[in-house]
Amino acid sequence: MMKKTITIETRKKFVGLAFISLWLVGLILFWIYPLVYSLFMSLNKVTIMTDHLQFDFVGFANFKKALTQDAAIPNTFLQFIQQTVLIIPIIVVFSLIIALLLNQKFKGRGLIRGIFFLPVVLTSGNLINTLVGQKQGSISFLVSVTARDTFSSLGPTWGATVNNILANFLIILWYSGVQMLILIAGLQSISPSVYEAAKIDGANGWEALWKITLPGITPFIFISTVYTIVDQFTLTSNPILKIVNDTIFGSNMGFGYASAISWLYFIVITLFLAVSFLIFRNSLRGMRR
């Protein structure tokens with residue numbers, strides 16, 4: 001009998017599978033299975049018994065209740081979405097400006113980078129909540145703008161959202177540390193020879209910024225935007241996550257209703273990510289060419 005020989009290409013495939021096997025197991029056990037199980041619970045009324053969970057199939061009743069009967073859910077979703085729509089571009093643009101400044105060569109650049117990144121290491125959910133409660137995240141000038149109801153013309157909900165953002169402006173900017181490092185890495189990936197060639201052709205700094213720097217770091221801006229979206233939607237101070245946590249052990253709601261709210265929240269996050277991809281799609285496609 002002739003023995004079948006394993007080609008080098010096949011061996012490489014087996015080696016690759018071996019390296020990612022643990023990741024695949026973790027993906028199935030800790031992501032796919034909980035996701036499917038939570039979807040199953042969202043379609044049921046879950047009752048905690050002494051030794052097991054009892055499932056009574058109710059279809060989409062939990063989703064209908066969250067959207068049409070429980071007024072707190074749509075209102076909280078709307079307020080949080082409005083706030084997130086405004087906060088995400090603020091953080092990304094601020095991170096980009098700081099990254100452009102810190103990418104320049106000057107003494108103490110490493111120390112300044114560390115100072116901007118320090119809040120990411122030190123701050124926690126409890127600390128943020130405490131600072132917000134004590135109104136320690138504001139700038140006096142912005143507080144005066146907020147006090148005058150400057151944005152009341154935007155409507156009661158949008159005006160209150162803008163005022164809340166201005167009242168906690170410093171804390172919001174604290175969430176820009178990781179994005180700043182991502183953008184600095186993107187800036188350093190652009191070869192200096194490109195800028196030298198542009199300078200020889202007569203391009204000034206402003207033209208180099210718009211024609212070379214921003215197009216060159218577009219993928220990194222996209223990554224920063226995605227990170228900011230995920231970070232904002234998973235904050236410990238998130239009011240929607242608090243509702244889910246309180247609903248889990250509610251006497252008239254429980255795991256099924258909490259799972260339905262979580263799935264609605266998951267859909268909102270997916271929509272935000274999809275919109276960000278559509279915004280950057282043409283730029284990313286141009287980078288691949």
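The protein chain exposes about 18,600 Å², and carbon and sulfur atoms supply 69% of this area. Accessible areas come from the Shrake-Rupley method with a 1.4 Å probe; for residues, only the protein chains shown count as cover. The model is predicted: local features need pLDDT of at least 70, side-chain atom pairs count only at pLDDT 80 or more, and totals for chains, interfaces and linings use all residues. Residues are numbered from 1 along each chain as its sequence is written, and side-chain values use heavy atoms, with hydrogens and water left out.

The protein chain holds 14 helices and two strands. Helices (H or I, at least four residues) and strands (E, at least two) are DSSP runs, numbered from the N terminus. Of the 289 residues in the protein chain, 32% are buried. Buried means under 20% relative accessible area, exposed means over 50%, and partly exposed lies in between (1.4 Å probe, protein chains only). Contact means heavy atoms within 4.5 Å. Among contacts between residues at least 6 apart in sequence, 70% join residues at least 24 apart.

Strand β1 covers residues 44-48 and strand β2 covers residues 53-57. They pair in the antiparallel sense over five bridges; strands count as paired if DSSP finds at least two bridges between them. Four residues join β1 to β2 in the hairpin. V46 stands opposite F55 in β2. K45 has D56 in β2 as its bridge partner.

The interior was examined next. A nonpolar core is a set of buried Ala, Val, Leu, Ile, Met, Phe, Trp, Tyr and Cys residues joined through side-chain atoms within 4.5 Å. The largest such core has 40 residues. F77, I217, I221, F233, I261 and Y265 touch the most other members. Two or more residues of this core come from each of α2 (61-69), α3 (72-102), α9 (177-188), α11 (205-216), α12 (218-233), α13 (239-248) and α14 (254-288). Helix α14 gives the most, with 12 residues. Another core, of five residues, lies apart from it; I87, I91, Y175 and L235 are among them.

With residues up to four places away in sequence left out, I221 touches V92, L96, L183 and F280. T225 lies in helix α12. T225 is buried, because its relative accessible area is 9%. Under the same exclusion of residues up to four places away in sequence, T225 touches I88, V92, S276 and F280.

A258 belongs to helix α14. A258 has a relative accessible area of 3%, so it counts as buried. A258 touches V244, T247 and I248, not counting residues up to four places away in sequence. A258 and I248 are 10 residues apart along the chain, and their C-alpha atoms are separated by 5.4 Å.

P119 is found in helix α4, which spans residues 109-122. Its relative accessibility is 15%, so P119 counts as buried. P119 and S176 are 57 residues apart in sequence, and 9.1 Å apart in space from C-alpha to C-alpha.

A salt bridge is a side-chain nitrogen of Lys or Arg within 4 Å of a carboxyl oxygen of Asp or Glu. By this rule there is one salt bridge. The side chains of K242 and D246 meet in a salt bridge, at 3.0 Å from N to O. K242 and D246 are separated by about one helical turn, because they are four residues apart in helix α13. K242 is exposed, with a relative accessible area of 54%. D246 is partly exposed, at 44% relative accessibility.

A nonpolar surface patch of about 770 Å² is made by F14, V15, L17, F19, I20, W23 and L24. Patches are made of residues with over 30% relative accessible area and no salt bridge; like charges are joined within 9 Å, and nonpolar side chains (Val, Leu, Ile, Met, Phe, Trp, Tyr) within 5 Å. L24 lies in helix α1, which spans residues 8-42. L24 has a relative accessible area of 33%, so it is partly exposed.
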